[in-house]
Amino acid sequence: MYQLQQQKTRPQITAHLAQTMNLLVKTVQELGEEINKELAANPALELNEEIRCPQCNRPIPTGGYCPVCTKPKIMSPEETIVFISPRIDFTPQTERNEEVDEPSTIMLEELPVHVFKQIAPDLPVEDREIASFLLNQLDEDGLLITPLSEISEYFHVSMERVLAIQSIIQHADPIGVGSTSPQQALLVQIEMLSETKNIPEFTRLLIEEGFGLICQLKYRELSKKLSIPIQKVKLVGEFIKNNLNPYPARAHWGSVRQPEAFDSQAYTQPDVIISFLNNNEENPLMVEVILPVRGTLQINQLYKKAILEADENKKSDLKAELEKASLFIKCLQQRNNTMQKLLEKIVTLQRDYILHGDMKLRPITRAQLSKELQVHESTISRAVSNKSVRLPNGQIIPMSKFFIRNLNIRALIHEIIENEKKPLSDTAIVELLDKKGIKVARRTVAKYRALDGILPAHMRKKYNK
DNA sequence: CTATGGCACGGATT
DNA sequence: AATCCGTGCCATAG
């Protein structure tokens with residue numbers, strides 16, 4: 001008897017878990033697709049109308065009250081609101097004074113002008129027209145979409161001349177603009193950077209030979225293919241992430257990049273948005289876990305009734321669909337619940353970091369959090385991986401950045417070096433850190449330096465002034 | 001002799 | 001089980 005029951009309930013529970021896990025890994029975009037798929041496939045599932053807050057017109061979660069309008073009055077600035085935000089676009093309802101949210105349109109108009117101003121003096125008058133034409137062929141990433149050959153044909157000039165112009169453009173401010181591919185952009189950047197920074201060996205080779213693989217961080221394969229030690233390949237990967245930008249026109253690149261492919265969705269819609277309530281720094285932090293639908297998923301009531309009147313032999317099929325629908329809803333709720341709990345914890349722990357930057361990042365591990373939240377480690381891992389978060393300052397970071405254990409020290413070293421009067425040797429830096437109560441090996445300092453592409457002490461002096 | 005980079009090992013994390 | 005990360009030891013450059 002008991003056995004039977006076990007066998008009957010078991011598969012359901014695991015199905016539930018499996019689906020929840022499945023949903024947990026998904027980013028907003030993927031989740032959106034999943035929900036739409038389910039919605040289309042299952043008539044028992046429906047999307048009700050979205051509810052908006054009567055005061056601020058913000059789409060609000062199922063419960064009914066608007067987290068933005070109702071809560072702040074009873075909250076102190078140190079507190080945090082975390083909620084699930086059912087919406088697709090993330091343009092703030094309040095004002096339209098946002099220039100951050102529309103980088104592409106602004107860039108499209110501004111970028112060519114911006115670059116042209118820089119290079120015009122270096123160009124003979126006859127070439128300016130070509131340059132300006134070329135600059136208008138850039139996509140929103142700052143890459144050239146028209147083949148150079150077409151341009152040379154169009155103007156009836158030699159390829160060399162076009163190349164020369166392109167080269168000048170590439171060396172202007174967003175270094176690498178006007179390249180024909182992310183690869184080329186990277187190469188130009190390396191060339192420029194090599195004057196002030198230390199480029200790891202093989203960087204060039206890896207970009208030329210294994211660009212695709214590098215993007216996907218297939219270090220293993222790369223090291224086999226080009227027979228380079230895997231350690232070195234990783235170093236190069238790190239370096240590229242930290243110092244180069246394959247899409248010159250995109251802001252917020254720098255140290256902010258993440259494992260995934262370079263063109264991942266991190267730049268479009270973040271999974272979580274952290275901001276000050278009503279953009280006022282006095283207010284509490286507001287954390288929105290984005291749900292990619294308007295409205296709320298629910299069981300179709302008509303469908304429920306229809307079951308009662310249906311043929312006996314069809315009833316079970318219909319019921320199965322109903323089950324599936326309610327399971328899906330449950331799983332989705334659980335996913336949201338987990339995300340919400342997790343974000344609450346993260347924001348509490350990393351508040352200083354969110355407000356004040358890299359140096360305040362606290363070293364925390366997923367394992368710690370999993371204990372505090374009473375969930376399995378892998379749950380946290382899933383929830384964190386592939387997700388992106390938008391900070392109040394507009395930066396979009398991978399969620400995993402909250403768990404980088406040594407970022408604060410790295411930032412500290414960075415700062416020490418920037419404020420140094422005389423170039424400090426690694427050992428000197430170790431001593432400085434030691435006085436601050438941080439004990440690190442000399443070798444480690446060297447490694448961090450290399451990661452950020454900072455030259456060793458004796459090479460640094462010349463470029464500092 | 002000092003400052004750094006290379007390699008590789010072992011413990012922690014995922 | 002796979003990967004990440006700090007470190008120690010050694011080689012090399014200046």
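Okay, let's start inside the protein: the largest cavity is lined by T27, V28, D271, V289, I290, R335, M339 and K387. Two elements each give two or more residues to that lining, namely β4 (285–291) and α13 (312–349). Keep in mind that this is a predicted model.

How big is the largest cavity? Its volume is about 30 Å³. And if you count cavities of 30 Å³ or more, you get one. How do you look for such a thing? You roll a probe the size of a water molecule over the atoms, and that shows where empty space is left. As for the lining of the largest cavity, sorted by class there are four nonpolar residues, one polar and three charged.

Now over to the DNA. Which residues sit around DNA strand C? They are R220, K234, R405, N406, V440, A441, R443, T444, K447 and Y448. By class, the surface near DNA strand C has five charged residues, three nonpolar and two polar.

Let's zoom in on a few contacts. A441 uses its backbone: an N or O atom there lies 3.0 Å from a phosphate oxygen of DNA strand C.

Note on methods. Residues are numbered from 1 along each chain as its sequence is written. Chains are lettered from A and ligands numbered from 1 in the order in which they are written. This is a predicted model: local features need pLDDT of at least 70, side-chain atom pairs count only at pLDDT 80 or more; totals for chains, interfaces and linings use all residues. Side-chain values use heavy atoms; hydrogens and water are left out. A residue is near a molecule or strand if one of its heavy atoms lies within 4 Å of it. A polar contact is a pair of N or O atoms within 3.5 Å; within protein, one must be able to donate a hydrogen and the other to accept it, and residues adjacent in sequence count only if both atoms are side-chain atoms. Ala, Val, Leu, Ile, Met, Phe, Trp, Tyr, Cys and Pro count as nonpolar, Asp, Glu, Lys and Arg as charged, and the others, Gly among them, as polar. On a 1 Å grid over the protein atoms alone, a cavity is a set of points where a 1.4 Å probe fits but cannot get out, and a pocket is an open set with protein on both sides within 12 Å along at least five of seven lines; lining residues have an atom within 4 Å of a point. Grid points are joined across faces, edges and corners, and a volume is the space filled by probe spheres set on the points. Helices (H or I, at least four residues) and strands (E, at least two) are DSSP runs, numbered from the N terminus.
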